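Good morning, and thank you for coming.

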Amino acid sequence: TKKMHDAGYTIHDKENPTAYIMDRESCIVSRVSWIMYLASFFSVVLAMKTKETAFTLPIIIALYEFSFFGKSKTRELPTANSRRFFYLLPFLFTLMVIPLDILGPEAGVYRQEGNYGEETRQLQLKEATTLSSYAYLLIQFRVIVTYIRLLLLPINQNLDYDYPVYNSFLNPTVFSSFLFLLSIFGLGIYLFYRSRVTMHDARYMIHDEQSTMHASRITHHALRFIAFGILWFFITLSVESSIIPIKDVIFEHRLYLPSIGFIIALSTALSLVLHRSKSATVRSATGRIRRGEQNDSTSKQNSSFSFLSAGLPLYGSVALIVLLSIATFQRNTVWQDKISLWEDTVKKSPGNPLVHFRLATAYLFKGQIDKAIEQHRITVKLWPDCALNYYFLGNAYEKKGLVNKAIEQYLIAVQLKPDFTDAHLRLQKAYIGNGLNR
């Protein structure tokens, strides 16, 4: 500021240096703002090209803008409020990046020559049953309820769920889940509207006018934060839990981004409850003092209650951290290797054929061929129309030295999928190994 002040005297406009300094500061701030704005826009485009969930980023930016930046009250600048939409418009146009990528000429094409693992994955995706948009939406009502339960009570976690398919909106499970989610979303809309309509709440009226305004301001901001957290949760979850069918209907890691909104809403709500409890205690004590009803025993009770109220958040936070740390340690023991992880998943999703397939692969990698064959047999039984299951069962038999059984599985695989090149090659190799060159 001193350098700019000196420049105001030395460069020009010595008669009015203050005006020159203010103009100079305004130009610098304007340039920095535009640089940051362009960097933000470029970051949004990069995010769109990186992960599909970034589709919600422009919507979150707009929500943040209208939630925490109020309208301009300056009458001399009538266009100040409309300019906000103008600045948000380029970010909203980035919503077209992901759809254009998906509908592009190379959409859905990913093939790396010589990458056997990726080729196998692509075959599995093609063999997987695709749900309709309507059926996927019905499942997601129940899935989101499961997500909320996991955030509140993170137990019985599962890497690969065997989730039931619902075909009717009037199914009791689907309909009750829909009503539950609608009530939460409606609460978010109501709190957002309530926080914008008024900053005064008669329920927090205290005898002192300054305390009344302070309590009203806290309530206003708390309602806004709770509404923002609820809307954040639903918006960021909308890409993977809506009408766009995804092979895996539920995955716990999809909660990483939505959980931020959940934490904002829950922590703000708890803070508001504690604030109201403290305010009620203060009002009660103030009323007794004014009525002359305060005595030593009542004073001690109020002091004890105040101490408990002040320490309750700390004690509760410490207890919660300890419990979650223990649960995390126990969960990490499951993730210590692939076999323990998929054995745990098989126990929780016994009807999921892909889980048995992955456990069989883990067994085979560790050289436990008999256990791998057992899991592959279960996979074939649960998913008899998939050629890959017979192919990998044949591989396991071949590693065990049971070539004839391997040939049987390869034959079934090529019957189900005549263009299955790898199965034909394995079958040819097995025939040659058995001396059946013809």
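Predicted model: local features only at pLDDT ≥ 70, side-chain atom pairs only at ≥ 80, totals over all residues.

Residues are numbered from 1 along each chain as its sequence is written, and side-chain values use heavy atoms, with hydrogens and water left out.

The largest nonpolar core has 29 residues, of which Tyr 163, Leu 181, Phe 233 and Ile 250 touch the most other members. Such a core is a set of buried Ala, Val, Leu, Ile, Met, Phe, Trp, Tyr and Cys residues joined through side-chain atoms within 4.5 Å; buried means under 20% relative accessible area, exposed over 50%, and partly exposed in between, with a 1.4 Å probe and protein chains only. Helices H7, H8, H9 and H10 each supply at least two residues of this core, and H7 gives the most, with ten. Helices here are DSSP runs (H or I, at least four residues), numbered from the N terminus.

Leaving aside neighbours within four places in sequence, Tyr 163 is in contact (heavy atoms within 4.5 Å) with residues including Ile 139, Val 143 and Ile 250.

Let us turn to helix H8, residues 172-197, where Ser 177 is placed. Is Ser 177 buried or exposed? Ser 177 counts as buried, because its relative accessible area is 2%. Ser 177 and Val 145 lie 32 residues apart in sequence, yet 6.5 Å apart in space, C-alpha to C-alpha.

Finally, Asn 156 belongs to the loop between H7 and H8. Asn 156 is exposed, because its relative accessibility is 54%. Although not a glycine, Asn 156 has a positive phi of about 55°.
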